[in-house]
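Q: Hello! I am new to this structure and would like to learn how to read its helices. Could you guide me?

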Amino acid sequence: MPSSTSYKTPFYTKSNNKPLRSTSTPTSTSTPTSYLLTDTALGKKTDKTPVWLFRQAGRHLPEYAAYKEKTGLNFLGLLKDPEHIAECTMQPVRRYPVDAAILFSDILVVPQALGISVTMPGGVGIQVPSPLTNVDMLSSVTEMCKDTKVLVEDNMGYVLEGVRRIKESLRDEGYGNVPLIGFSAAPWTLFYYMLGGSSKKNTDVGVRWIEDNPVASRELMEGLADVVIEYASRQIESGADAIQIFEAMGMMISPEMFDKFASPYLIRVGEGIKSRHPGVPLIVFARGAGHGNKALSESGFFDVITIDGTVDVKDAREKHGGGEGAAGELRPEVPCAGGPHGGGCREKGS
């Protein structure tokens, strides 16, 4: 198994043949008490805006492709080993001058921890091939959610060890001034996948379950919220400097149902994490559900509201109404259009 130091080589732009970030000169070998990103997220005055990329680790990096080939593992295989988690998290930090590392993981590690199979057949995204199909199955999973401490420690401990190794790598490789963002999926997104199984098929199953089985659905959502609170809190206790809660499937539920069924559990998660770690920045991203940002802002539990391309940046502050920070809104087509160093986006699958 290769060590994480095997891939510490500079990478170059085509335009100037210079490394985007030199790996030969450490930026910091100590751990600071605060970071540009965390200070900004908490509303402190800083001299510039921190920048990080939502999917900065992974398949767009040639070093990631080389690492997959060398290990013989696919994405899901890499997620299961703390050494691989740390290496893949570090790759973009070595390449780009980003102001944060983000945990190399996936939103569906929570269903996996609950005994639900997750696969990646290729070309169709991650799937749950055997979703929950009856009330008894929902009740069984809800019961598993009750002992959150044991569940997270026993079934997601590899992620927590990955967080610890990332922090060690950041310090040891000279990036001690770069904080680590941990994350988890939000309850509705977890519910959506656990009942529907795919982001592309059976997209109405989760909503139909809510309508047909409201009691069992709410009980599971409450249990999932408690698991997310424990999971995110343990990431913080393992070294994460900020947490993002990602409602990846916010667009798959109507605004009215989002307000009744998704938003309350997002807010429950925010309250639970902040009650345990009040000084740690908490970021929320309700993708495709910018209409819900105002309620998330007014809850007072989130330090940063992430906006996507469906929200007009000019009136985002007015719409979410709070004094917290805002992040995001760089539309994917902007980097795809190219620039002084760019040649546009790669074709799918390349």
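A: Gladly! Keep in mind that this is a predicted model. Let us start with a pair of helices: the axes of H7 (residues 148–155) and H11 come within 9 Å and cross at roughly 55 degrees. That angle makes H7 oblique to H11.

Q: How are two packed helices described?

A: The description uses the angle between their axes and the distance between the axes. Here, the crossing of H7 and H11 is right-handed.

Q: Which residues in H7 and H11 meet?

A: From H7, Thr148, Lys149, Leu151, Val152 and Glu153 take part. Their partners in H11 are Asp226, Val227, Glu230, Tyr231 and Arg234.

Q: What span does H12 reach from its first C-alpha to its last?

A: A helix's span can be set against the one expected at 1.5 Å a residue. H12 (residues 255–276) has 22 residues and reaches 30 Å, close to the expected 32 Å.

Q: Where in H12 does a kink lie?

A: Look at alanine 262, shortly before proline 264: the kink there is about 40 degrees. Ala262 is also one of the buried residues of H12, which include Phe261 and Ser263.

Q: What do the buried residues of H12 pack against?

A: Among their partners are helix H9 (187–196), helix H11 (214–238) and strand S3 (242–247).

Q: How many residues of H9 are buried?

A: The count is 10 of the 10 residues, so H9 is largely enclosed by the rest of the structure. Among them are Trp188, Phe191 and Tyr192. Following H9 comes glycine 197, with a positive phi near 90 degrees.

Terms used: Residues numbered from 1 in each chain as written. Predicted model: local features only at pLDDT ≥ 70, side-chain atom pairs only at ≥ 80, totals over all residues. Heavy atoms only, no water. Helix = DSSP H or I, 4+ residues; strand = E, 2+ residues; numbered from the N terminus. Expected span 1.5 Å × (residues − 1). Bend = angle between axes of the 7 residues up to and from the residue. Buried < 20%, exposed > 50% of the residue type's maximum accessible area, 1.4 Å probe, protein only. Contact = heavy atoms within 4.5 Å. Axes fitted to C-alpha atoms, helices over the stretch in contact; angles between N-to-C directions. Parallel < 35°, antiparallel > 145°, perpendicular 65-115°, else oblique. Left-handed = near helix turned anticlockwise from the far one by under 90°.
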